[in-house]
Amino acid sequence: MLTTRFVDGAPNWIDVATPDLEGTRSFYGGLFGWQFESAGPQAGGYGFFRSDGRTVAGGMPVTAEQGPPSWTVYFQTADAAATAQAAERAHGRVLVRPMDVMGEGHMAVLADRAGVPFGLWQPGRIKGLERAGEPGSLCWVELYTPDVAAAAAFYHQVLGLETSGVSFPGGTYTCLNPAGAGEDAMFGGVVPLADDPVAAEAGPSWLAYFEVADTDATVDRAVELGGTVARAATDVPGVGRIARLTDPYGARFAVIRSAPQQQA
């Protein structure tokens, strides 16, 4: 699972783009207890979601012309410009060119070979999320893609990510970890799009998982707040109880109460 001991290649930021920032603030505030703080008048409406005073995500308003409501996962890089160039060499695309963000760091938005958007964050004054792997914060990410091998090759070439297979009843799950960090640093997985009808309907994408204390209660609360259930709460042995949700504006995400880790 994710921690805030970020290394190059690991997710270090996440934000939600929404047509209704005020409504989105209300939804996630009611769901996770987050508070929203504006980044200032020069930030174009961008701001930070905080939990117990620590940053757990960002949020920004978008128009229909700018793109659909969605969560974007950002990966740490020491050089956003070089990583963007690597993505182009690997047959990806640069959607938003690397730029300085008010001295806080450098960001870019790329697309992989399958067209899946993802972000880069080159830390400056803002190193990354201040809370991860705890209730109400990002704990895991999954890539749904039509070609697992091609995706693994792309993210290895661009971010240095390594993959490993974990067996489970019915198949093998492809896990991701930063280069050289070992399987203890796994932060996500890659899932064949054809194996998941819910994901297939939405199309190739990254999906963010947030840790919660009670999956079923969170699902009920999301519905009360105007969200919808994309996949009902389900137990995954050895992993936890998972559900997939959509916020009132169409941004997709998942929640999980993780199973207790077994001691070696």
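**Cysteines, then pockets**

Author: Start with Cys 139. Its relative accessible area is 0%, so Cys 139 is buried. Keep in mind that this is a predicted model.

Reader: How many disulfides does the structure hold?

Author: The general idea comes first. A disulfide covalently links the sulfur atoms of two cysteines. Here the count is zero. Cys 139 takes part in no disulfide, and the nearest cysteine sulfur, in Cys 175, is 13 Å away.

Reader: Now the pockets. What is the volume of the largest pocket?

Author: Again, the idea first. A probe the size of a water molecule, rolled over the atoms, shows where empty space remains. In this model, the largest pocket has about 1300 Å³ of space. Its lining has 36 residues; Trp 140, Glu 142, Tyr 173, Val 236 and Val 239 lie nearest the centre. Among the elements giving two or more residues to this lining are strand 9 (138-145) and strand 11 (171-177). By class, the lining has 21 nonpolar, seven polar and eight charged residues.

Reader: Which strand gives the most to the lining of the second largest pocket?

Author: Strand 5, with five residues. This pocket has a volume of about 1100 Å³. It is lined by 40 residues, and those closest to its centre include Asp 15, Met 60 and Tyr 74. The lining divides into 28 nonpolar, eight polar and four charged residues.

Technical notes
Residues numbered from 1 in each chain as written. Predicted model: local features only at pLDDT ≥ 70, side-chain atom pairs only at ≥ 80, totals over all residues. Heavy atoms only, no water. 1 Å grid on protein atoms, 1.4 Å probe; cavity = no way out; pocket = protein on both sides within 12 Å on 5 of 7 lines; lining within 4 Å. Points joined across faces, edges and corners; volume = space filled by probe spheres on them. Helix = DSSP H or I, 4+ residues; strand = E, 2+ residues; numbered from the N terminus. Nonpolar A, V, L, I, M, F, W, Y, C, P; charged D, E, K, R; others polar. Disulfide = S-S within 2.5 Å. Buried < 20%, exposed > 50% of the residue type's maximum accessible area, 1.4 Å probe, protein only.
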